[in-house]
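Q: Hello! I would like to learn how to read a protein model, one feature at a time. Could we look at it together?

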Amino acid sequence: MVYIPYNNQQSILQRRDDLQEFDVEFYDKADGSKPAKEFIVELPPKMRAKMLRTVDMLETNGSELREPCSKHLDDGIFELRAQIGSDISRVLYFFVIGRKAVLTHGFVKKTQKTPPSEIERAKNYRTDYLSRKENQK
């Protein structure tokens with residue numbers, strides 16, 4: 001058994017608190033709509049609360065967030081995962097330079113694997129996001 005003095009534990013926790021949080025933002029389409037935000041707002045109250053807690057965990061942990069809360073899907077696209085009973089919701093996102101995560105859209109999961117069309121939609125939203133950010137420069 002290893003003994004860790006209380007003071008060392010506290011300093012480790014303090015160092016964790018000193019880490020800069022990630023900015024989490026909603027992807028906005030050219031028409032101004034925000035698919036991920038609209039999805040989360042429409043969730044039933046318990047599921048919405050759980051998904052918002054998962055978003056908070058993404059802000060705190062960023063790219064260190066792992067299963068069961070987050071999972072890498074394909075080509076830099078990740079999913080936030082929330083489940084209440086047999087109801088499963090997912091919000092897809094990607095990271096950009098500067099400690100930022102962008103939530104693209106959400107869906108209610110009905111199959112074992114994440115549908116490829118949902119991953120492709122997130123990739124398309126990422127391409128649009130990055131090209132519009134590049135054009136703003």
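Q: Where is Arg 99 found?

A: Welcome! Please keep in mind that this is a predicted model. Arg 99 is in the loop between β4 and β5.

Q: What is the phi of Arg 99?

A: Let us begin with the general idea. Most residues other than glycine have a negative phi, and most peptide bonds are trans. Here, the phi of Arg 99 is near 55°, a positive value in a residue other than glycine. Asp 75 also has a positive phi, near 50°, and its place is the loop between β2 and β3.

Q: Are Asp 75 and Arg 99 buried, partly exposed or exposed?

A: Asp 75 has a relative accessible area of 48%, so it is partly exposed. Arg 99, at 33% relative accessibility, also counts as partly exposed.

Q: Which residues does the cis peptide bond join?

A: The cis bond joins Glu 67 and Pro 68, with omega at about 10°. You can look for Pro 68 in the loop between α3 and β2.

Q: How many helices and strands does the chain have?

A: There are four helices and five strands. Along the sequence, they follow the pattern α-β-α-α-β-β-β-β-α. Of the 137 residues in the chain, 34% are buried.

Q: Which residues of α4 are buried?

A: Let us start with the helix as a whole. Helix α4 covers residues 116-136 and has 21 residues. From its first C-alpha to its last, α4 reaches 30 Å, close to the 30 Å expected at 1.5 Å a residue. Its buried residues are Glu 118, Ile 119, Ala 122, Lys 123, Tyr 125, Arg 126 and Tyr 129. They cover an arc of only 165° around the axis, so they sit on the same side of α4. On the other side of α4, Pro 116, Ser 117, Thr 127 and Asn 135 are exposed. As for partners, the buried residues of α4 pack against several elements, among them β1, α2 and β5.

Q: Which residues of α2 are buried?

A: In α2, the buried residues are Pro 35, Ala 36, Phe 39 and Ile 40. Seen down the axis, they fall within an arc of 130°, so they line one face of the helix. These buried residues pack against β1, α3, β4, β5 and α4.

Q: How far apart are Gly 106 and Ser 89 in sequence and in space?

A: In sequence they are 17 residues apart, while in space their C-alpha atoms are 7.2 Å apart. Gly 106 belongs to strand β5, and Ser 89 lies in strand β4. Gly 106 counts as buried because its relative accessibility is 15%, and the cut-off for buried is under 20%. Ser 89 is buried too, at 2% relative accessibility. Leaving aside neighbours up to four places away in sequence, Gly 106 touches Ala 36, Phe 39, Arg 90 and Val 91. With its own neighbours within four places left aside, Ser 89 has contacts that include Phe 39, Leu 43 and Phe 107.

Q: What is the volume of the largest pocket, and which residues line it?

A: The general idea comes first again. Rolling a probe the size of a water molecule over the atoms shows where empty space is left. In this model, the largest pocket has a volume of about 160 Å³. Its lining includes Lys 71, Glu 79, Lys 109 and Ile 119. The lining residues divide into three nonpolar, two polar and five charged.

How values were computed
Residues are numbered from 1 along each chain as its sequence is written. This is a predicted model: local features need pLDDT of at least 70, side-chain atom pairs count only at pLDDT 80 or more; totals for chains, interfaces and linings use all residues. Side-chain values use heavy atoms; hydrogens and water are left out. Helices (H or I, at least four residues) and strands (E, at least two) are DSSP runs, numbered from the N terminus. Buried means under 20% relative accessible area, exposed over 50%, partly exposed in between (1.4 Å probe, protein chains only). Contact means heavy atoms within 4.5 Å. The expected span of a helix is 1.5 Å times one less than its number of residues. The arc is that of the directions from the helix axis to the C-beta atoms. On a 1 Å grid over the protein atoms alone, a cavity is a set of points where a 1.4 Å probe fits but cannot get out, and a pocket is an open set with protein on both sides within 12 Å along at least five of seven lines; lining residues have an atom within 4 Å of a point. Grid points are joined across faces, edges and corners, and a volume is the space filled by probe spheres set on the points. Ala, Val, Leu, Ile, Met, Phe, Trp, Tyr, Cys and Pro count as nonpolar, Asp, Glu, Lys and Arg as charged, and the others, Gly among them, as polar.
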